Amino acid sequence: MRTTDIRVRRAINAVAEGRPVVVIADTECGSEGHLVFAADAATPAVLAFTVRHTSGLVRAALPRSECERLDLPPMCVSDPDRPDTSSQRVAVDVSGTGTGISATDRARTIAALASADARPGDFSRPGHVIPVQADADGVLGIPGVAEAAIDLARLAGRRQAAGLCEIVSRDLPTTIASRAESVDFAAEHGLAVVSLAELLGYRRRTERQIVRLAETTLPTRRGIHRVIGFRDVHGSAEHLVLLIGSVGSGEPVPLHVHRECLTGDVFGSTTCHCGVVLDDAVATMSAQGGGVIVYLRPTGSLHACGLAEPDVSGAEPALDTLTWILRDLGVYSVRLADDAPGYGLVMFGAIRESRLAA
């Protein structure tokens, strides 16, 4: 098992047991540490510990559906330069608390926000706990701390609500703790620690990332072959697989990975070799009587050589998409085509190293 996966599972187990964990987020200002705990496990002791070691501005991450159900409007109008502003909701206190600021009062408020029985009238506004609306897809949608907090609560089998607050640096009390300080803090207090990147990678590897859309036979210049359409679970990108001959027999299957290039694949542009490489792959596999061609389409952008700069930011999600497509096909042993483009080589190298070694 990967070391990173072990760290993620430790964090999940800790949240399941009602203990706080340290989540590290990489931001424009550096790596910052946050204390995170399941909202339905909020106790005065947990809140006292949180307030003592953090900035004290405790928030409660909630899904959009819960923000709407509990009538939690945005704190302010969305700022185009600060996309996080619309996620902050009007602060609340649960009715029946004292001033609302004590650890006991805030623990009650956070636990109430996590309750399935809570109603809008149970809270007074403004208060001392700030709800934060998290993306429905968690870190797979927006790699933020609020999303990570809810992901951990969900994976731990708890209600999808979580408390979070930034850990304050000991060395520089006017700043937030760095990655190194956060790790030391976790070790000192016996807390599990996990980064956003580790949780994101864990979810991509362990949760199905694609779904089959359709399957048919397709007559081509090189023969009649099976084609299967897939769509990303988290996103709108759709992909196509061309199956030549039989696959899944236990023998290494020739694999060609092709990233969509509209100008080269469709219009035969000579500014790149994309279309030629794809056609040669189909011809070679058809002549050999077997192979798999995975045609990947990036999400939210047009990929066309000579028309726009290539976007390499989608390489890692595409790698996970490819991995899940091969799993769906029952293909676990592959042989990369010699004429595969460099993009395919990079992806295959990562798959061979970490996904299909078994």
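Is Glu198 buried or exposed? This is a predicted model, and in it Glu198 has a relative accessible area of 14%. The cut-off for buried is under 20%, so Glu198 counts as buried.

What does Glu198 pair with? Its partner in a salt bridge is Arg7, and the closest N and O atoms are 2.6 Å apart. Arg7 itself is partly exposed, at 28% relative accessible area.

Helix H7 also holds Arg203, which is linked to Asp151 in helix H5, 52 residues apart. Arg203 is buried at 4% relative accessibility, and Asp151 is buried at 3%.

Arg158 and Asp40 form a salt bridge, with 3.0 Å between the closest N and O atoms. Arg158 is in the loop between helix H5 and strand S6, while Asp40 is in the loop between strand S2 and helix H2. Both are partly exposed: Arg158 at 24%, Asp40 at 30%.

Over the whole structure, the search finds 21 salt bridges. Some form a network, which links Arg208, Arg212, Glu215, Arg226 and Asp328.

Finally, the cysteines. The disulfide count is zero. For Cys261, the nearest cysteine sulfur belongs to Cys305, 3.6 Å away. Cys261 is buried, at 0% relative accessibility, and Cys67 is buried at 1%.

Definitions and conventions: Residues are numbered from 1 along each chain as its sequence is written. This is a predicted model: local features need pLDDT of at least 70, side-chain atom pairs count only at pLDDT 80 or more; totals for chains, interfaces and linings use all residues. Side-chain values use heavy atoms; hydrogens and water are left out. A disulfide is a pair of cysteine sulfur atoms within 2.5 Å. Buried means under 20% relative accessible area, exposed over 50%, partly exposed in between (1.4 Å probe, protein chains only). A salt bridge is a side-chain nitrogen of Lys or Arg within 4 Å of a carboxyl oxygen of Asp or Glu. Helices (H or I, at least four residues) and strands (E, at least two) are DSSP runs, numbered from the N terminus.
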